Amino acid sequence: MVWIPAGSFTMGSDAHYPEEAPAHRVQVEGFWIDRAPVTNAQFLKFVKATGHTTEAERPADPADYPDALPELLAPASIVFVPPPGPISTGDPYRWWQYVAGASWRHPEGPGSSIKGRDHHPAVHIAHADALAYATWAGKALPSEAQWERAARGGQEGWEFAWGNELHPGGRPMANTFQGDFPHYNSRLDGFERTSPVGSFPPNGYGLLDMIGNVWEWTDDWYGDHAALVSAHKAAGGCCTIENPRGLGREASIDITSQHGSIPRKVVKGGSFLCAPSYCRRYRPAARMAQGIDTSTCHLGFRCVAGA
């Protein structure tokens with residue numbers, strides 16, 4: 001783990017996606033954070049020690065999904081399957097498929113395996129799986145503010161974790177998508193899907209893969225930054241929010257979203273599927289809402305610990 005010193009920083013951004021705004025000052029106490037996302041080898045050790053079965057490896061409870069077809073309740077997870085040719089990016093269901101048998105052991109579904117991928121991030125991890133691992137390891141999942149402070153590497157004002165150019169000098173600095181999303185990945189960075197941790201330079205704190213490779217769970221319930229700032233001011237707060245957390249489980253639910261009535265947590269960092277033409281979320285300020293029941297082929301986690 002790496003020690004992140006206490007300090008303040010500007011969280012969020014006013015220059016990109018609406019959910020990142022407004023930029024606001026926060027203060028975070030010092031904490032330890034895993035140097036890299038949890039790998040397949042580490043997750044396997046946890047599973048062998050505890051017998052844990054991930055959400056993707058268990059059938060879904062019909063009570064939670066009363067309108068679902070029976071075949072969709074079988075153990076499964078969400079896998080990126082590139083279309084054969086150029087398509088509009090308006091419908092993500094054109095490249096996301098719910099694949100029976102997909103799990104952290106079988107990242108692309110039946111017939112795939114993690115053999116030779118010991119040092120790749122564990123994926124198809126739902127929030128409960130990440131929390132179970134963290135508890136077993138005597139750690140916790142990071143707050144969004146902890147995660148973002150760590151990702152920034154001690155720098156203020158940079159668009160990316162390494163500066164203001166996506167590919168400085170033509171060099172990829174993280175595992176993201178190059179080419180024509182979603183059908184053609186040029187693999188300029190050398191990888192089509194996940195990469196072994198440490199394949200790209202560390203940030204200013206010495207942390208690996210804070211940007212790209214896989215999205216990472218935080219333990220904050222998703223909510224608008226604007227609502228958090230407003231609540232802080234309404235409670236008499238002034239300029240800097242200390243150790244902010246999400247606004248609550250019920251507030252995270254948006255029945256008009258793809259997650260329906262499922263509560264949502266914040267995920268951070270972007271993944272190997274983030275492309276300039278589609279998802280510019282390979283930045284510390286970027287954030288996304290993820291249903292706690294959801295696991296995908298580009299979603300993992302890392303842990304934190306207190307002083």
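The model is predicted, so local features need pLDDT of at least 70 and side-chain atom pairs count only at pLDDT 80 or more, while totals for chains, interfaces and linings use all residues. Residues are numbered from 1 along each chain as its sequence is written, and side-chain values use heavy atoms, with hydrogens and water left out.

**The open sheet**

Let us start with an open sheet of three strands, ordered β2-β3-β10 with mixed pairing. β2 (7-11) and β10 (240-242) stand at the edges with a single partner strand each, so one side of each lacks a neighbour in the sheet. On average, neighbouring strands here are turned by 30 degrees against each other, direction ignored. Strands, like helices, are DSSP runs numbered from the N terminus (strands E, at least two residues; helices H or I, at least four), and two strands pair if DSSP finds at least two bridges between them.

β3 (residues 24-28) runs parallel to β10, with three bridges between them. Valine 26 stands opposite isoleucine 241 in β10. Helix α3 (residues 144-152) packs on this sheet, where it touches β2 and β3, and its direction makes about 95 degrees with that of β2. Helix α4 (residues 225-234) lies across β2, β3 and β10, running at about 90 degrees to β10. For such angles, axes are lines fitted to C-alpha atoms, for helices over the stretch in contact, and the values run from 0 to 180 degrees between N-to-C directions.

Strand β9 (residues 215-221) is mostly covered, with six of its seven residues buried. Buried here means under 20% relative accessible area, using a 1.4 Å probe and protein chains only. The table shows its pairings.

| Partner of β9 | Sense | Bridges |
|---|---|---|
| β13 (residues 299-300) | parallel | two bridges |
| β11 (residues 264-268) | antiparallel | three bridges |

Within these pairings, glutamate 216 has glycine 300 of β13 as its bridge partner, and tryptophan 217 has valine 267 of β11.

**Proline 182**

Finally, have a look at the loop between β7 (179-180) and β8 (184-185), where proline 182 lies. Proline 182 is buried, at a relative accessible area of 1%. Beyond its neighbours within four places in sequence, proline 182 is in contact (heavy atoms within 4.5 Å) with Phe80, Pro82, Pro83, Ile87, Thr89, Trp95 and Phe177. Glutamate 57 is 125 residues from proline 182 in sequence and 27 Å from it in space, C-alpha to C-alpha.

Key. Buried < 20%, exposed > 50% of the residue type's maximum accessible area, 1.4 Å probe, protein only.
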